[in-house]
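My notebook is open, and I am working through this one entry by entry. Have the viewer ready and follow along with me.

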Amino acid sequence: MSKENSMLDKLLQWDRDVFIYLNSLGIENYDVFWSTITNFSTWIPLFIFFIVLVFRKYPKVEALWVLGTVLFTLVLVASFTGLVKEWVARLRPNNTEEINTLIRILKSPTGYSFFSGHASSSFSITTAFFLFLRDKFKWSWLFFIWPLMFATSRIYVGVHYPLDLLVGAGVGILFAFLFYRLYNAWRGTKIQSHGLS
């Protein structure tokens, strides 16, 4: 047990050290840029773009089902993220006394840190839209530029550790794949039942 605790302590120390290093690379001239990048509202035009692409490539009724699946995935990811944050109760770097005087802080949220809701939600949305549109747009992999920038901004503004972002991204991707497969299984069953009737 003590060995496991030691490994965990080393991992958390690494996480803290890497965060401090990456955060220290911030340049004041770019503060406004990254503070804008880190806001959800900045990306509303991108969400509208995703929705337009779905309606362009899917029949109206199916497009609504696709968007409903993406929204359902996002709601579950956000709920799961909130539960884990309360359970783990890891303080954000900006609220951690040992390091908050050593880092650049541009935002000061009061909630817990592990894992990042920005990372989990953005990667779930992006992965879901990518899975639904990858066969229809060859350039759909470019969607991932958004969550990568969005997640990275959380280190820049001083509110998340790298592990918060990595785990959040993994959770978001996992949920998106899960509900994409469930959607396809449901759709296959529906098509088959209509065919049999």
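Entry 1, helix α5. Of the 17 residues of α5, 16 are buried, so the helix is largely enclosed by the rest of the structure. For burial I use relative accessible area with a 1.4 Å probe and protein chains only: under 20% is buried, over 50% is exposed, and partly exposed lies in between. Helices are DSSP runs of H or I with at least four residues, strands are E runs of at least two, and both are numbered from the N terminus.

A note on what I am reading: this is a predicted model, where local features need pLDDT of at least 70 and side-chain atom pairs count only at pLDDT 80 or more, while totals for chains, interfaces and linings use all residues. Residues are numbered from 1 along each chain as its sequence is written, and side-chain values use heavy atoms, with hydrogens and water left out.

The end C-alpha atoms of α5 are 24 Å apart, which agrees with the 24 Å its 17 residues should span at 1.5 Å a residue; the expected span is 1.5 Å times one less than the number of residues. At the N-terminal end I found S116 as the cap, with a side-chain oxygen 3.2 Å from the backbone nitrogen of H118.

Is T126 buried or exposed? T126 counts as buried, at 0% relative accessibility. This residue of helix α5 touches F143, F144, W146 and P147, leaving aside residues up to four places away in sequence. Contact means heavy atoms within 4.5 Å.

I take a nonpolar core as a set of buried Ala, Val, Leu, Ile, Met, Phe, Trp, Tyr and Cys residues joined through side-chain atoms within 4.5 Å. The largest one has 39 residues, and V54, Y58, F129, F132, L133 and F143 have the most contacts inside it. Its largest share, 9 residues, comes from α5. V54 touches A63, V66, L67, F129 and L133, again not counting residues up to four places away in sequence. A second, separate core of 6 residues includes V77, V84, F115 and F175.

Where does F115 sit? F115 lies in the loop between α4 (60-88) and α5 (117-133). The peptide bond from F114 to F115 is cis, with omega near -5°. A89 has its place in that loop between α4 and α5 too. Phi of A89 is near 55°, a positive value in a residue other than glycine.

Entry 6, rings. I count Phe, Tyr and Trp rings (the six-membered one for Trp) as paired if their centres lie within 6.5 Å; planes under 30 degrees apart are stacked, over 60 edge-to-face, and the rest tilted. There are 23 aromatic pairs in the structure. F49 and W139 are stacked, at 6.3 Å centre to centre and 25° between the planes. They link helix α3 to the loop between α5 and α6, 90 residues apart. The rings of F72 and F179 have centres 5.5 Å apart and planes at 85°, so this pair is edge-to-face. F179 is buried at 13% relative accessible area, whereas F72 is partly exposed at 47%.

Note on methods:
Polar contact = N/O pair within 3.5 Å; in protein donor to acceptor, adjacent residues only side chain to side chain.
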